[in-house]
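Subject: Structure for you to look at

Hi,

Here is the structure I promised to pass on. Please open it next to this email and follow along.

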Amino acid sequence: MKDESATNASKEPMNTIATLVQRTSSATPLALAPLNATSLRDQAYALLKNAIADTDIYDPSQELRLDERQLTTALGVSRTPIREALSLLEQQGFIRTIPRRGIYIIRKSKREVIEMIQMWAALESMAARLATLHATDEAIAKLRHLFDEFRNSPPSEHLDEYSDANIAFHTAVIALGGSQTIVDATHNLLIHVRAIRRATISQRDRAARSIVDHLKIIEALERRETELAERLARQHTLDLAEHVDRYCDFLG
């Protein structure tokens with residue numbers, strides 16, 4: 001028995017070496033399953049929705065027609081998951097299929113845009129209120145860093161970068177409220193609100209006035225001034241609605 005134990009002990013290092021050699025000589029197998037039709041649809045939906053969000057929807061010169069064949073080629077999948085993803089996007093009001101013409105990203109009317117902004121104002125102002133009650137000092141402090149690069153030069157000189165920081169600020173305030181219901185409610189609104197903020201940020205010195213408003217909101221959040229933070233957040237967004245009403249005739 002001792003000899004057998006010694007023999008087994010001597011084999012253990014060899015077995016370990018053999019295992020290591022085997023592992024390094026071929027690709028490590030992972031526990032993966034083939035993608036099914038549903039997951040492909042969901043992936044296509046997420047990618048298409050993100051692409052729509054990044055499109056300058058309210059640029060009058062922007063082509064809003066989607067080509068199903070191009071989408072199929074770009075995503076490297078068959079038409080079935082693409083069509084299923086497009087169907088979901090149409091149900092949610094992001095695209096419209098026009099018979100014999102094609103598929104188009106929806107550009108909202110002025111009235112629709114104003115109503116969406118007003119809804120955003122209500123939701124974000126409540127999030128700001130909740131943030132003064134629940135968000136940590138560290139989380140609120142991060143809002144200031146969104147505008148670090150504009151301390152030494154005005155936002156008007158970096159409109160693309162400021163537009164991104166502007167959207168990041170508003171989505172961050174929503175998140176600071178800690179309400180998943182508000183986050184979910186603003187998720188689909190964000191596509192059009194973000195697009196209209198981008199389209200208007202260069203108009204009538206809005207960038208300079210916007211950053212002043214943002215800093216006032218941040219100060220109210222830092223001081224835990226609940227009523228003030230809520231009011232400032234709401235008024236800031238309602239000012240955008242008023243601007244759209246007065247100056248954005250291109251929306252129709």
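Arginine 151 is exposed, because its relative accessibility is 62%. Exposed means over 50% relative accessible area, buried means under 20%, and partly exposed is in between (1.4 Å probe, protein chains only). Aspartate 148 is partly exposed at 31%. The side chains of these two, arginine 151 and aspartate 148, meet in a salt bridge, 3.2 Å from N to O. A salt bridge here is a side-chain nitrogen of Lys or Arg within 4 Å of a carboxyl oxygen of Asp or Glu. Elsewhere, salt bridges with shared partners join Arg129, Glu227, Glu230 and Arg234 into one network.

A word on the source. This is a predicted model, where local features need pLDDT of at least 70 and side-chain atom pairs count only at pLDDT 80 or more, while totals for chains, interfaces and linings use all residues. Residues are numbered from 1 along each chain as its sequence is written, and side-chain values use heavy atoms, with hydrogens and water left out.

The whole structure holds twelve salt bridges. Which residue does aspartate 137 bridge to? The partner is arginine 224, and the closest N and O atoms are 2.5 Å apart. This pair links distant parts of the chain, 87 residues apart. Aspartate 137 sits in helix H6 (residues 137-145). Arginine 224 sits in the loop between helix H10 (206-222) and helix H11 (226-247). Aspartate 137 counts as exposed, at 51% relative accessibility. Arginine 224 is partly exposed, at 28%.

Arginine 41 and aspartate 42 also meet through their side chains, 2.8 Å from N to O. Arginine 41 has a relative accessible area of 25%, so it is partly exposed. Aspartate 42 is partly exposed too, at 36%.

Aromatic rings

There are three aromatic pairs. Rings of Phe, Tyr and Trp (its six-membered ring) pair if their centres lie within 6.5 Å; planes under 30 degrees apart are stacked, over 60 edge-to-face, and the rest tilted. Phenylalanine 147 and tyrosine 162 have ring centres 6.1 Å apart and planes at 40°, so this pair is tilted. Phenylalanine 147 lies in the loop between H6 and helix H7 (159-176), and tyrosine 162 lies in H7, so the pair ties together parts 15 residues apart in sequence. Both residues, phenylalanine 147 and tyrosine 162, are buried.

Now take phenylalanine 150 and tyrosine 162. Their ring centres are 5.3 Å apart and their planes are at 80°, so the pair is edge-to-face. Phenylalanine 150 is in the loop between H6 and H7, twelve residues from tyrosine 162. Is phenylalanine 150 buried or exposed? Phenylalanine 150 is buried, because its relative accessibility is 6%. Tyrosine 162 is buried as well, at 0%. Ring pairs link Phe147, Phe150, Tyr162 and Phe169 into a cluster.

The chain overall

The chain has eleven helices and three strands. These are DSSP runs, numbered from the N terminus: helices are H or I with at least four residues, strands E with at least two. Strands S2 (residues 95-98) and S3 (residues 102-105) pair in the antiparallel sense over four bridges. Strands pair if DSSP finds at least two bridges between them. Threonine 97 stands opposite isoleucine 103 in S3. S2 and S3 form a hairpin with three residues between them. Arginine 100, in the turn, has a positive phi of about 65°. Finally, buried residues make up 38% of the chain's 252 residues.

Best wishes
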